[in-house]
Amino acid sequence: MIDQSFKGFTSDPRKIDVEKGQLRFFAHATGETNPIYFDEEAARAAGHSTLPAPPTFVFSLALGAPPTRGNLLGDMGVDMHRILHGEQSFTYHHPIHAGETITLTTTTSDIYEKKGGALEFIVQDTKAENAAGELCVEMRVVTVVRNG
């Protein structure tokens with residue numbers, strides 16, 4: 001059983017820089033064809049200051065800047081061989097652009113079980129803010145732990 005005391009725990013803020021190469025690589029890897037994700041002139045013509053982050057890119061940012069304590073599944077005693085990616089969602093508020101520094105904070109908002117504890121669910125919400133303190137993206141990830 002996952003220790004319920006982790007419910008409500010919020011990570012320390014962590015900062016990560018958004019790089020043009022990362023954005024282009026992610027756009028290419030996800031099959032994006034819109035030139036605003038590859039060509040700065042196209043991005044500016046579309047109203048962006050430079051290359052914008054493609055949808056779902058904040059997940060890569062979070063992988064690049066994992067929480068240092070508390071919100072890690074290992075801290076919760078989760079056997080990483082028993083996890084499944086259950087769900088992921090994004091709410092977009094403000095675009096992220098190349099050259100920005102993004103601050104991420106992650107809260108373990110819920111831990112619950114189903115099927116008599118055979119399945120446990122960890123719900124983690126991450127907020128991504130730019131240097132001006134504007135909320136850019138909210139991401140929710142649900143991890144499923146298979147027990148037994």
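Which residues are buried in α1? In this helix, Leu 23, Phe 26 and Ala 27 are buried, where buried denotes under 20% relative accessible area, exposed over 50% and partly exposed the range in between, with a 1.4 Å probe and protein chains only. The three residues cover an arc of only 100 degrees around the axis, which puts them on the same side of α1; the arc is that of the directions from the helix axis to the C-beta atoms. An α-helix has 3.6 residues a turn, so residues three or four places apart point the same way. On the other side of α1, Phe 25, His 28 and Ala 29 are exposed. Just after α1, Gly 31 adopts a positive phi of about 80 degrees.

The structure is a predicted model, in which local features need pLDDT of at least 70 and side-chain atom pairs count only at pLDDT 80 or more, whereas totals for chains, interfaces and linings use all residues. Residues are numbered from 1 along each chain as its sequence is written, and side-chain values use heavy atoms, with hydrogens and water left out.

The protein contains 3 helices and 5 strands, arranged along the sequence in the pattern β-α-α-α-β-β-β-β. Helices (H or I, at least four residues) and strands (E, at least two) are DSSP runs, numbered from the N terminus. Taken along the principal axes, the C-alpha atoms fill a box of roughly 55 × 30 × 20 Å. Of the 148 residues, 38% are buried. The protein exposes about 8,000 Å², of which carbon and sulfur atoms supply 53%; accessible areas come from the Shrake-Rupley method with a 1.4 Å probe, and for residues only the protein chains shown count as cover. Among contacts (heavy atoms within 4.5 Å) between residues at least 6 apart in sequence, 69% join residues at least 24 apart.

The buried residues of α3 itself are Phe 57, Val 58, Leu 61 and Ala 62. Seen down the axis of α3, these residues fall within an arc of 150 degrees, so they line one face of the helix. Their packing partners are β1 (14-17), α1 (20-29), β2, β3 (101-114), β4 and β5.

The elements giving two or more residues to its lining are α3 (57-64), β2 (83-92), β4 (119-129) and β5 (135-146). The lining divides into 12 nonpolar, 7 polar and 1 charged residues. In this classification Ala, Val, Leu, Ile, Met, Phe, Trp, Tyr, Cys and Pro count as nonpolar, Asp, Glu, Lys and Arg as charged, and the others, Gly among them, as polar. A pocket is an open set of points on a 1 Å grid over the protein atoms alone where a 1.4 Å probe fits, with protein on both sides within 12 Å along at least five of seven lines; lining residues have an atom within 4 Å of a point. Grid points are joined across faces, edges and corners, and a volume is the space filled by probe spheres set on the points.

The second largest pocket has a volume of about 200 Å³. Among its 16 lining residues, the closest to the centre are Ala 53, Pro 54, Pro 55, Tyr 92 and Pro 95. At least two residues of this lining come from each of α3 and β5, and the lining comprises 13 nonpolar, 3 polar and no charged residues.

Backbone geometry was also examined. Most residues other than glycine have a negative phi, and most peptide bonds are trans. Thr 56, in the loop between α2 (40-45) and α3, has a positive phi near 70 degrees. At 29% relative accessibility, Thr 56 counts as partly exposed. Lys 115, in the loop between β3 and β4, likewise has a positive phi, of about 55 degrees, although it is not a glycine. With 68% relative accessibility, Lys 115 counts as exposed.

Lys 127 belongs to strand β4 and is partly exposed, with a relative accessible area of 41%. Leaving aside neighbours within four places in sequence, Lys 127 is in contact with Thr 103, Leu 104, Thr 105, Leu 135, Val 137 and Glu 138. The C-alpha atoms of Lys 127 and Ile 83, 44 residues apart along the chain, are separated by 23 Å.
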